[in-house]
Amino acid sequence: MKIPIYDPTPEIEALWGEIQAVLQRVLKSGRFILGPEVEAFEREAAEYLGVKHAVGVNSGTDALVIGLRALGVGPGDEVITTPFTFFATAEAISLVGAKPVFVDIDPQTFNINPKLIPPAITPRTKAILPVHLFGQAADMDPIFSLAEEHGLKILEDVAQAFGGEYKGRKLGTLGDAGAFSFFPTKNLGGFGDGGLIATNVDGVAEMARMLRAHGAKKKYHNEMLGYNSRLDAIQAAILRVKLPHIDEWNEARRRLAGTYNELLQDVPGVKTPYEAPYAKHVYHQYTIRILYDKRDLVQQRLGDAGIGTMVYYPVPVHRLPIFSHFKKRMPQSEKAAGQVLSLPMVPFRTGAIVDALTPVLKGLTR
Ligand SMILES: *Cc1c(COP(=O)(O)O)cnc(C)c1O
């Protein structure tokens with residue numbers, strides 16, 4: 001039996017009737033970009049998150065780019081972020097003309113280490129961009145203090161953490177804005193690309209709405225250079241079907257993580273994920289560390305047993321040639337890149353996953 005690391009089909013099968021109905025509704029409506037379906041999803045997402053505004057865009061990457069610009073980040077600015085993330089986080093900073101300044105991670109959580117941020121702050125620092133990696137909140141309180149002290153904006157990268165929480169508050173609603181992705185593999189995924197900017201600040205929402213539609217508040221009265229980055233009605237309709245299930249699915253992810261923890265607790269050379277007391281982890285990925293240089297071997301062994309795994313991420317962003325101007329070493333990120341391994345996470349198939357993995361995991365590093 002093959003266990004993929006990720007499988008969208010059980011979710012679709014479970015909601016098949018509803019999905020067919022909304023697809024028909026959208027196709028018959030003739031409104032395919034923005035429109036009432038997107039407006040309804042924006043309202044429902046804002047309500048779920050407990051945030052004033054939600055602005056649907058084309059992708060998580062665009063949510064970051066537009067979010068940064070809506071917060072006033074541009075050429076000459078520096079933005080502090082983590083190097084242990086998907087490329088798009090740092091790419092978005094560079095795309096708006098600013099410079100990413102990397103700060104190493106806390107080895108327990110894989111998230112930016114707030115204690116290391118102060119020396120990275122310069123007079124050009126404009127914002128901090130924490131990533132809630134693998135579904136777990138970055139430690140936000142110390143980041144808020146620093147932002148207040150130095151007058152910095154905060155954009156959260158929530159691409160992997162829809163429904164996750166920090167001290168009981170939904171991620172993506174804590175800073176000045178949050179950037180979400182609905183890429184099909186994310187906890188809340190569409191049938192294609194999609195993204196969302198969440199904010200409590202009226203001006204930021206207004207700016208984001210302009211930027212996603214060619215810098216125009218009113219059609220053909222363009223006021224600035226923006227983007228063609230609007231959410232499609234089909235994606236919004238699918239996401240509206242899925243949104244009411246997200247808490248249940250995140251709970252299933254948490255249960256599978258708990259089972260993995262039990263299976264792995266006595267396996268030598270394996271470190272299971274740490275759950276920070278301030279976070280409700282929603283396990284976009286269940287990511288372990290394999291010690292003693294055995295990661296690649298273990299990955300191969302799991303692969304031979306038909307179990308899909310991934311290394312997120314094999315190269316920390318600051319080590320990619322495109323950011324080679326950034327010379328500082330990030331020892332914790334570099335170490336993590338050599339040790340991490342993400343196991344299958346399909347909330348619908350936890351029983352099958354556990355049955356298939358149990359014998360393999362027990363002898364994992366032997
Ligand atoms: C997926 C992801 C993005 C980008 O989202 P897209 O919708 O694929 O553009 C950004 N940051 C992180 C951490 C991600 O995992």
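Two strands count as paired here if DSSP finds at least two bridges between them, and the strands themselves are DSSP runs of type E with at least two residues, just as helices are runs of type H or I with at least four, all numbered from the N terminus. Before I use that, please keep in mind that this is a predicted model, in which local features need pLDDT of at least 70 and side-chain atom pairs count only at pLDDT 80 or more, while totals for chains, interfaces and linings use all residues. Residues are numbered from 1 along each chain as its sequence is written, and side-chain values use heavy atoms, with hydrogens and water left out.

Let me start with the sheet. Three strands form an open sheet in the order β10-β12-β13, and their pairing is antiparallel. Because β10 (270–271) and β13 (340–343) stand at the edges with a single partner strand each, one side of each has no neighbour in the sheet. Between β10 and β12, which covers residues 286–290, there are 2 bridges in the antiparallel sense, and V270 stands opposite I290 of β12.

Two loops deserve a look as well. In the loop between β11 (279–280) and β12 we find Y283, which has a positive phi of about 45° although it is not a glycine. Y313 lies in the loop between α10 (295–304) and α11 (331–339), and the peptide bond that joins Y312 to Y313 is cis, with omega of about 5°.

Now to the ligand. Which residues come nearest to it? Of the 15 residues around the ligand, they are G60, T61, D157, S181 and K186, where being near requires a heavy atom of the residue within 4 Å of the molecule. The helix α4 (60–70) and the helix α5 (87–95) each supply at least two residues of this shell, and α4 gives the most, with 3 residues.

A backbone N or O atom of G60 lies 2.7 Å from a ligand oxygen, an N or O atom in the side chain of T61 is 2.5 Å from an oxygen of the ligand, and a polar side-chain atom of Q160 lies 2.8 Å from a ligand oxygen. Taken alone the ligand exposes 380 Å², of which the protein buries 93%, with accessible areas coming from the Shrake-Rupley method with a 1.4 Å probe.

Terms used
Polar contact = N/O pair within 3.5 Å; in protein donor to acceptor, adjacent residues only side chain to side chain.
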